[in-house]
Amino acid sequence: MNYLGKVAIVTGAASGMGLLFSQNFTSLGGNVLMCDVNETALATIVEELNAKNLGKAVGVVCDIRDYAQVSAACDRAVAEWGSIDIVVNFAGGTAFRVLKVDAKKYPEFPDVPIDVYDWGIDVNLKGPFYFAHAALKQMREQKSGLIVNIGSITGAEGSRYGMDYSTSKAGLMYGLTKSIAQYGAKYGIRCVCVSPGPVLTRPDMAKMKTLVGRAAEPQEIVDLILFIASEKGQFINGENIMIDGGRNAMNRG
């Protein structure tokens, strides 16, 4: 896989799989616009990547809930390198974990303050929607491009408490991904959703059951995305790909 001269925008790039993808992509010659809200971590990581990789990294502080910031990030990528070849929407998370919601205080779905759910929907669904809207302007002009959404097994399973997360991920996995693929076809633009099961970005993920008896290593998810973005993955379009160790095939009884 060779990404020399290719340009990726990666959200949630200062940590987790967003960072790992950026490390892989620049090591293979690609250029990455790394978007995150953590300015301090982003600056350090960008410096490290530029010191040892073939590609170049540029950091942009971006709150994906703000369309103006999203649009500015896309403009920056074009200003730096003249194109946007790939957008990977890693930024996201469960509102209850990120916002440290007290489940004892708010025991059921109707009890949870609505602004918690607003945060989850804005980050997990509207953020990728915003990036698609902004990046497709450039992709349409250059008549090429790939948008990779990150779904989740939770989008298929549902969640009685974290409904914002399961609803948002389902929206990415089916509605948004298929719609972008339909729109983009005449411009040579693809859209694919990659939906992991448990991934060892946090120790708790090891507790989730799968048919293969383990959670995924983050590199396994990144490898799939790199394949989709490569010349070998060009026939994949408009699809949600589950990479979940067989969890979605498990007997729930």
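Let me begin with Lys143, which sits in the loop between α5 and β5, the latter spanning residues 145-150. Please keep in mind that this is a predicted model. The phi angle of Lys143 is near 60°, a positive value in a residue other than glycine. As a reminder, most residues other than glycine have a negative phi. Lys143 has a relative accessible area of 56% and is therefore exposed, the cut-off being over 50%.

Lys100 is found in the loop between α4, residues 95-98, and α5. Its phi is near 55°, again positive in a residue other than glycine. Lys100 also counts as exposed, because its relative accessibility is 70%.

I now turn to α5 itself, which covers residues 114-142, and to its packing against α7, residues 163-184. How are the two helices oriented? Their packing angle is about 15°, and the axes lie 8 Å apart. Since angles under 35 degrees count as roughly parallel, α5 and α7 are therefore roughly parallel to each other. The crossing of α5 past α7 is right-handed.

Which residues make this contact? Sorted by class, the contact of α5 with α7 comprises 14 nonpolar, four polar and three charged residues.

Key:
Residues numbered from 1 in each chain as written. Predicted model: local features only at pLDDT ≥ 70, side-chain atom pairs only at ≥ 80, totals over all residues. Heavy atoms only, no water. Axes fitted to C-alpha atoms, helices over the stretch in contact; angles between N-to-C directions. Helix = DSSP H or I, 4+ residues; strand = E, 2+ residues; numbered from the N terminus. Parallel < 35°, antiparallel > 145°, perpendicular 65-115°, else oblique. Left-handed = near helix turned anticlockwise from the far one by under 90°. Nonpolar A, V, L, I, M, F, W, Y, C, P; charged D, E, K, R; others polar. Buried < 20%, exposed > 50% of the residue type's maximum accessible area, 1.4 Å probe, protein only.
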